[in-house]
Every structure is written in C-alpha cells, then in structure tokens.
Amino acid sequence: MTSGNDGDTPAGNLRDTLLSLAAKGYAPSMPARKGSTSDLSIDEALVLHSVGWEPVELVCGAAAFSIPAGIWTWNQGEVVAASAAYAGAMGRAASALQAECRAVGGHGVVGVRVDVAVERHLVNAVMVGSAVAPSGGARPPALPFVSDLSGRDFALLRLGGWDPVGLAFGASFVNAPRRSAAVAIRQSSQNVELTNYTEALYAARESAMERMQSVAGQLGGQGVVGVRVSEGPLPFARHVLRFAAWGTVVKASGRPDQLGPVSVVVPLDDAKLAFDAASLRGR
Amino acid sequence: MSDPNLPVDLPRDAGKRLAELKKLFTSDLSVNEFLLVKQAGFHPLGLVMGSSIYHTGIQTRKWSKSQELTKLTEAMYNARELAMTRMEEEAEQLDADGIVGVRLDVNYYEWGSDAAEFIAVGTAVKAESGVSHRNKLGKPFTSDLSGQDFWTLMQTGHVPQGLVMGTCVYHIAHRGLGQTLGSVGQNVELPNFTQALYEARELAMTRMQEEAERLGATGIVGVRLEEKSHQWGSHTIEFLSIGTAVGDTGASLTLPQPTAVISLDN
C-alpha cells in the first residue's frame with residue numbers, strides 16, 4: 001500500500017538539505033572511491049545522499065534448494081519439506097547478499113527485489129539490491145542489513161528515527177483437507193462455511209507469520225514494516241495452499257525524529273478525466 | 001483449545017502468533033504510512049487477519065424476474081461478517097484501539113467449486129497517549145483508510161468508527177423475445193434493466209447507511225461501490241458498497257493549509 005505520490009515527502013529538513021546541496025553545486029564529500037553501480041533512480045540516489053548515504057555497488061544473492069520427489073501427493077497437514085526448502089533458499093540467498101555487500105564494503109542493502117519461485121522439485125530465491133554505505137567511510141558492520149525498502153523509504157525511515165536491521169520471511173505449505181463424499185454432497189446444496197478449509201488456511205497463515213516473526217525476533221527488531229504476503233494454491237499441486245510473508249525488520253535508532261511537522265500538498269499534475277466518452281464508442 | 005482467554009470463534013493457531021506480538025509489531029503499512037500513523041499518535045501492534053471459507057451459490061432464480069436473491073445476500077453478509085469478526089477478535093486480543101488499512105477480499109480456489117475465501121487483513125493500532133479510541137460499541141474501530149488518509153482524517157476532528165458495508169445479490173431478469181424484438185433498431189432506454197440495477201444499488205447503499213447509523217457515525221467517507229458477478233453467471237450480480245464510517249470529535253481543525261505542488265516525476 002505504497003502511496004503512488006512521491007511529491008509528498010513530509011520532510012522539511014530533507015528539502016533544506018537538498019536545497020543546501022544544490023547551493024553547494026552537489027559536491028559530494030565522498031572519499032575517492034571507484035565508480036559505483038546501482039539500480040537506484042536519480043531521485044533515490046539524491047535522497048540517499050541527502051541523509052548522508054551513498055550507493056556502493058549492485059549486489060545479488062541467489063540460492064536454490066531441492067525438494068524431495070513425491071511430497072506433493074494429497075496428504076494431510078503441512079508439507080514440511082517444502083517449508084524447510086523455502087526457508088533454506090531465502091536464508092541462503094539473504095546471506096549470499098550480505099556476503100557480497102561485505103565484500104564491497106557496504107553497510108547494508110536497500111531496494112532488494114525478492115524473486116522466489118516454488119517449483120515441483122526446487123525452490124529458487126534471487127535477491128538483487130543496491131549496497132549502500134554512509135559517506136565518510138565508517139567501518140562497515142560485521143553483518144550488513146538487508147531491506148526491501150526503496151532508497152526513499154530508507155531515507156524516510158532514518159529521518160523518522162528508525163533503522164532497518166534485516167529482512168524477515170516465513171512460509172508454510174499446507175494440504176487442503178479432503179472432505180468425505182457425504183460431507184461434500186451435503187455442503188454442495190447449502191450456503192455454509194467450510195470449517196475444515198478455514199482451519200487449514202489459518203494453519204498455513206499462522207505458521208508462516210510466526211516464522212517471519214521469529215526471524216524478526218532473532219534479528220533483534222522491534223517491528224516489521226511493509227509486510228507483503230503471497231498466498232494461494234500452487235500451480236502444479238492445486239491441493240496445496242502456499243502462504244508466504246516477508247518484510248523489513250526495523251528498530252528504533254535512538255536518534256531524534258527529524259521529520260518535523262507534516263505538510264499537506266495538492267499535486268497539480270495528472271488531472272483526472274471526469275468523464276471518459278470512450279466507453280460510449282463501444283471500446 | 002488451551003488458552004481460555006481466546007475467543008471461541010478464533011482458530012487455535014492464531015493464539016501463539018498473537019502472544020508473540022507483545023514483543024514485536026508486524027504491519028503491512030508502507031514506511032510513509034507507518035511514520036504517519038506514528039505522527040497521528042498511534043503505534044502499530046500487529047497484522048491482524050480474519051478469514052472464512054464459505055460455500056455460496058445456491059438459490060433458484062426465475063429467468064424472467066428481477067429479484068433480490070436473499071439467501072445469497074445473507075450468505076455473502078455472513079461470510080464477510082465472519083472474516084471481519086475474526087479480525088476484530090485478533091485486534092481485541094492485542095488490546096488495540098482500532099484497525100487501519102483493512103482490505104476485504106474474496107478469493108476463489110480450484111479445489112472447491114463455489115467455495116470462496118473471504119479474507120479481511122489490516123493493521124491493529126493503539127493510541128500512544130493511552131486514551132481509548134474505541135467506537136461507540138466499545139469495540140476496536142475498523143477502517144479501510146490508508147495511513148495517509150487516517151492521518152488527514154485525524155487532523156480534521158474526525159475519528160473512524162468502523163468499516164461499514166451493505167451488500168445485495170440481485171438477479172436481473174432476462175428480456176423476453178417480444179421486448180428484445182421491440183427495441184431492435186431503436187435508441188431506447190431498457191427500463192427493466194435500469195430499474196433492476198437501481199434497486200440493487202439502493203438496497204446495498206441503504207444497508208451500509210444503516211450500519212453506520214448503528215455506530216452513531218456522522219458520515220461515511222471513501223465509499224466504493226463494487227459490482228461483481230462472482231461465479232453466478234452474467235445476470236446475477238452482487239452490489240457491494242463499503243466505506244469508513246466516521247464520527248465528529250468536536251476537536252478543531254488542525255490540518256495545515258495545503259500547498260500546491262507540481263512534481264517533476266512522472
């Protein structure tokens with residue numbers, strides 16, 4: 001539920017910083033470092049710069065975990081091997097990303113795109129993001145943070161007095177319960193709740209969320225923001241319900257909130273069409 | 001059921017996760033929304049959800065008669081209420097003041113024809129000042145407003161009271177051969193269709209308003225009117241109107257004067 005409007009950055013300070021930057025002719029006080037690669041947009045790089053961070057390098061982590069054959073038959077309960085493979089692939093991809101980030105001297109990775117594919121025989125996780133470091137060449141931490149927040153969100157979060165500490169994720173694969181023929185026939189002629197399915201969905205959702213929370217707890221976070229969930233049946237095993245959730249773990253940094261009062265803006269672009277006559281022409 | 005504090009309706013698995021949320025919050029709010037909710041004086045407690053898988057789709061309809069399909073309406077209501085109530089129970093469990101950013105969805109799955117999952121997801125919040133913001137019925141408020149909308153609403157001396165909805169499943173009569181032939185080659189209104197759609201919409205809107213009145217709300221903001229055929233064929237339509245009922249706190253308007261901006265991004 002990210003707002004599509006980027007014009008409402010509620011940071012007076014941010015604006016001041018950007019203005020002072022412009023006055024200085026954007027002369028980054030970075031240590032001499034060889035050119036950096038990143039997939040950040042110009043706005044994002046500028047906003048990062050305004051809070052004293054610079055992109056270092058585009059980093060990538062990938063991992064594939066195999067799933068044993070024959071576990072997708074219609075059984076009961078959770079498909080434990082699949083859940084374990086998912087956790088393994090995500091965990092390994094994240095640590096590969098951290099290793100690459102450490103190698104280039106980054107303090108963390110922002111804007112991580114998580115691409116995870118569950119196939120019949122393997123789980124494939126790929127994470128791509130931009131390693132960032134504060135300008136001034138401070139010593140990088142032993143364990144860089146990983147975050148799927150954009151550069152803009154990262155800057156906002158820091159101004160608001162929070163730090164990202166890592167990516168939390170959790171998934172669960174649960175078999176939909178079978179109904180006996182008698183129950184199926186009885187239910188097919190009524191408007192009723194199918195309680196056993198509800199229970200199965202709850203089981204998947206709760207264990208996925210709980211796994212995500214325990215990863216967040218291990219990272220020492222105080223909360224998880226921007227949680228994204230993906231749910232639904234698997235394309236190759238329609239009786240299995242997948243529920244996966246991930247988000248960025250945050251922790252209060254102890255710095256004061258520098259956001260200041262929020263100002264209200266009315267964007268003047270993108271005038272909306274009040275009446276679209278195209279529909280009258282039969283499309 | 002091991003935990004005696006847990007509402008009976010809530011599946012057992014929900015208990016453990018909610019117990020853990022005392023230490024850590026989870027939220028599907030974006031960073032902007034998160035910071036704005038904090039600015040509005042609230043703290044997110046956790047992602048709360050409610051869901052119900054429901055079998056709907058049974059009611060005979062007359063081919064040539066426009067009518068409300070009351071059994072289906074009841075089923076759609078009941079299923080959504082179940083999902084909403086379970087979400088509210090989770091919020092209750094977290095001792096929340098309210099739920100923001102509620103999404104109410106209907107999903108269909110392959111393994112059950114006519115079985116649909118009704119799901120409600122939102123972020124439970126609590127006022128940092130300790131002042132209760134619960135609604136007139138003493139329950140946590142629910143609202144489908146985003147973090148931005150929530151902040152703005154709070155600056156205008158209003159508080160959300162609850163997510164209110166009205167639904168109506170309506171069968172629109174097919175036209176007879178005579179009627180069809182009569183209007184071929186002419187530009188005319190098809191009054192039976194217009195009438196049926198009107199009535200269905202009015203029923204849905206009225207029901208939503210009744211829910212808001214029960215909450216003692218002074219208005220409903222962000223109303224959406226959705227029309228869906230689900231899996232019932234083209235002549236059976238569900239009209240769903242949904243919005244956030246708000247109440248007036250009498251507090252003065254603290255919204256800053258808006259500034260017009262022209263952004264440089266596209």
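Me: Which residue of S10(B) is the bridge partner of A:Pro267?
Reply: B:Val261 is the partner. This is a predicted model, where local features need pLDDT of at least 70, side-chain atom pairs count only at pLDDT 80 or more, and totals for chains, interfaces and linings use all residues. Residues are numbered from 1 along each chain as its sequence is written, while chains are lettered from A and ligands numbered from 1 in the order in which they are written.

Me: What makes strand S9 of chain A and S10(B) a pair?
Reply: Strands pair if DSSP finds at least two bridges between them. Here 3 bridges join S9 (residues 265-267) of chain A to S10(B), so the two count as paired. They run parallel. Strands are DSSP runs of E with at least two residues, helices are runs of H or I with at least four, and both are numbered from the N terminus.

Me: How do you know which residues of chain B touch chain A?
Reply: Contact requires C-beta atoms, placed from the backbone, within 7 Å. By that test, 54 residues of chain B are in contact with 51 of chain A. S2(B) supplies the largest share of the chain B side, 8 residues.

Me: Why is H6(A) called mostly covered?
Reply: A residue is buried if 20 or more other C-beta atoms lie within 10 Å of its own, exposed if 12 or fewer, and partly exposed in between. In H6(A), 18 of 24 residues are buried. Of the 283 residues of chain A, 43% count as buried.

Me: How do you know that the span of H6(A) agrees with its 24 residues?
Reply: The expected span is 1.5 Å times one less than the number of residues. For H6(A) that should be 34 Å, and the end C-alpha atoms are 34 Å apart, so the two agree.

Me: What makes S1(A) and S4(A) edge strands?
Reply: The open sheet has the order S1-S3-S2-S4 in chain A, with mixed pairing. S1 (53-66) and S4 (145-146) each have a single partner strand, so one side of each is left without a neighbour in the sheet. S1(A) is joined to S3(A) by 13 bridges, running antiparallel. A:Cys60 stands opposite A:Val128 there.

Me: What makes a set of residues a nonpolar core?
Reply: Its members are buried Ala, Val, Leu, Ile, Met, Phe, Trp, Tyr and Cys, joined through C-beta atoms within 7 Å. The largest such core has 142 residues. A:Phe169 and B:Tyr170 are among those touching the most other members. H6(A), residues 195-218, gives the largest share, 11 residues.

Notes: Contact = placed C-beta atoms within 7 Å.
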